[in-house]
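Here is a short report on a single model. Please keep the sequence and the coordinates at hand while reading.

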Amino acid sequence: MSDCLFCKMAAGEITPDIVYQDDEILAFRDINPKAPTHILIIPKKHIPSVAEAQAEDIALLGKIQLVAAQLAEELGLKAEGFRLVSNAGKNAGQEVFHLHYHLIGGAPLGIYW
Ligand code: AMP
Ligand code: ZN
């Protein structure tokens with residue numbers, strides 16, 4: 001997807017503040033953090049949202065959750081807790097239509113975050 005911001009990050013054309021990457025997954029700091037720690041975790045593969053994920057993506061989605069848990073530990077979020085959220089569509093306020101999970105923590109979080 002040549003016009004997708006997160007595909008450009010996955011391809012290395014735009015360099016965010018990266019905290020983890022492997023051949024399938026990239027994790028970086030959100031440019032507008034809503035909590036003391038706010039990381040975005042994306043598959044390098046373009047999937048518009050979790051609503052469009054397919055059976056072939058099962059292993060990839062599972063791996064993203066394990067990476068999230070690993071990052072939560074490394075970033076000191078595990079003891080006090082954290083949230084892992086993926087917005088899909090209009091009512092969720094999805095802004096970037098490349099699947100991403102928000103890993104947020106570092107303070108008590110509101111109901112919707
Ligand atoms: P969502 O509303 O779930 O689609 O979330 C999109 C997130 O992407 C927002 O939290 C934005 O702050 C974040 N974002 C947008 N552009 C960038 C960027 N260039 N680098 C890092 N995060 C970004
Ligand atoms: Zn994309």
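Gln-65 is partly exposed, because its relative accessibility is 48% and the class covers what lies between buried (under 20% relative accessible area) and exposed (over 50%), with a 1.4 Å probe and protein chains only. Gln-65 sits in helix H2. Helices (H or I, at least four residues) and strands (E, at least two) are DSSP runs, numbered from the N terminus. Between the C-alpha atoms of Gln-65 and Arg-83 the separation is 11 Å. Along the chain these residues are 18 residues apart.

## Basis of the values

This is a predicted model: local features need pLDDT of at least 70, side-chain atom pairs count only at pLDDT 80 or more, and totals for chains, interfaces and linings use all residues. Residues are numbered from 1 along each chain as its sequence is written, chains are lettered from A and ligands numbered from 1 in the order written, and side-chain values use heavy atoms, leaving out hydrogens and water.

Five strands form an open, antiparallel sheet in the order E1-E2-E3-E5-E4. Two strands pair if DSSP finds at least two bridges between them. Strand E1 (18-21) and E4 are at the edges with a single partner strand each, so one side of each has no neighbour in the sheet. From one strand to the next, the twist averages 15°.

Strand E2 (residues 25-29) pairs with strand E3 (residues 37-43) over five bridges, in the antiparallel sense. Phe-28 stands opposite Leu-40 in E3. Helix H2 (residues 58-74) packs on this sheet and touches E1, E2, E3, E4 and E5; contact means heavy atoms within 4.5 Å. The direction of H2 makes about 155° with that of E3. Axes are lines fitted to C-alpha atoms, for helices over the stretch in contact, and angles run from 0 to 180 degrees between N-to-C directions.

## The zinc site

Which residues hold the zinc ion (ligand 2) as protein donors? They are Cys-4 (SG), Cys-7 (SG), His-46 (ND1) and His-98 (ND1), at 2.1 to 2.3 Å. Donors are N, O and S atoms within 2.8 Å of the metal (3.2 Å for Na, K and Ca); water is not among the atoms, so sites may look incomplete. The spacing along the chain is C-x2-C-x38-H-x51-H. Cys-7 in helix H1 (residues 5-10) and His-98 in the loop between E4 (82-85) and E5 (101-105) are 91 residues apart. Cys-7 and His-98 are both buried.
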